[in-house]
Amino acid sequence: MTAPSGARALEVIKTPMRELRAGYRRLTGPLRGLPSALIIGAQRSGSTSLFNYLAQHPDVLTPLGKEIHYFDLHYARGVRWYRGRFPFAHRLRPPAMTLDASPYYLAHPLAAERAYRLLPHVKLVALLRNPVERAFSHYQHEVRDGRESLSFVEALDREAERLAGEEERLEREPEYYSYSHHRYSYTRRGLYLEQLLRWTRWYPRAQLLVLQSEWLFRDPAAASAAVYEFLGLRPHRLEKYKPFYQGAYDRRMLPAVRERLAAYFEPRNRELYRWLGREFDWT
């Protein structure tokens with residue numbers, strides 16, 4: 001019998017170890033805590049950077065991975081599985097806390113209700129980026145990972161076709177996964193007010209903090225301080241605020257495409273500003 005290669009031999013060892021760890025986490029799930037905060041989105045809006053800034057706060061204990069995706073993609077696995085992602089409850093006595101940062105939560109039509117039924121008192125943080133820039137960054141992310149073969153203009157032209165009926169099916173079939181809704185919702189993800197209203201149908205407005213992503217990009221210390229205060233964390237300043245997970249791509253957009261998207265989002269952004277009671281510097 002031929003001996004397995006080094007990489008394969010390592011995988012043979014690692015696979016049962018992963019299964020053992022997963023089993024242990026599931027078994028100990030009832031002894032583990034739950035998050036005090038959810039970073040609910042939006043995708044490509046700085047949630048990874050904010051999560052990492054929070055993770056460096058002395059009172060924040062991190063979960064097993066940033067994007068747990070329980071309330072959108074893994075709900076069928078059950079609450080024991082979800083609890084297994086977090087530290088043991090005895091380690092989360094105040095002022096200690098943990099969090100879940102899964103940016104698809106904002107857009108998924110069932111996430112808000114699911115979250116409320118388990119975590120009615122959790123605090124919510126939404127990062128909102130200029131939807132024009134967010135759409136282009138989202139597109140480039142899918143291209144970079146090999147999931148998108150269309151040009152940006154073609155992807156925008158076909159978005160309605162790709163998403164037709166998908167949100168309704170997600171609501172109708174709780175265990176359904178929509179690849180198109182998850183991956184190709186370039187402009188749909190930028191309809192922020194509609195998504196925020198879905199969350200405030202379940203949660204009091206006072207439990208939701210909405211931050212402009214560009215503020216986090218420009219002044220991460222000040223934006224992080226606002227989040228610390230909202231979450232009841234003591235003040236803390238990092239030595240360095242390094243941006244995380246910035247994709248490398250040509251950020252120039254064809255002027256005609258930019259104008260098209262700006263015209264599409266302008267009235268929707270106005271509605272958002274009225275609801276928030278303040279304006280963002282999105283042009």
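Two strands count as paired here if DSSP finds at least two bridges between them, and helices (H or I, at least four residues) and strands (E, at least two) are DSSP runs numbered from the N terminus. What you're looking at is a predicted model, where local features need pLDDT of at least 70 and side-chain atom pairs count only at pLDDT 80 or more, while totals for chains, interfaces and linings use all residues. Residues are numbered from 1 along each chain as its sequence is written, and side-chain values use heavy atoms, with hydrogens and water left out.

View 1. Four strands make an open sheet in the order 2-1-3-4, with parallel pairing. Strand 2 (99-101) and strand 4 (208-212) sit at the edges, each pairing on one side only. Going by axes (lines fitted to C-alpha atoms, for helices over the stretch in contact, with angles from 0 to 180 degrees between N-to-C directions), neighbouring strands of this sheet are turned by 15° against each other on average, direction ignored.

**View 2. Strand 1 and its two partners.** Strand 1 pairs with strand 2 over three parallel bridges, and Ile-39 has Ala-101 in strand 2 as its bridge partner. Four bridges join strand 1 to strand 3, again parallel; look for Leu-38, whose partner in strand 3 is Leu-124.

**View 3. Strand 3 meets strand 4.** Strand 3 (residues 123-128) runs parallel to strand 4, and five bridges join them. Ala-126 is bridged to Val-210 in strand 4.

**View 4. The buried face of helix 4.** In helix 4 (residues 111-118), the buried residues are Ala-111, Ala-112, Arg-114 and Ala-115. Down the helix axis they fall within an arc of 165° (taken from the directions from the helix axis to the C-beta atoms), so they line one face of helix 4.

**View 5. Ala-262 in helix 12.** Ala-262 belongs to helix 12 (residues 255-276). Ala-262 counts as partly exposed because its relative accessibility is 32%. Asn-130 is 132 residues away from Ala-262 in sequence and 9.5 Å away in space, C-alpha to C-alpha.

Methods: Buried means under 20% relative accessible area, exposed over 50%, partly exposed in between (1.4 Å probe, protein chains only).
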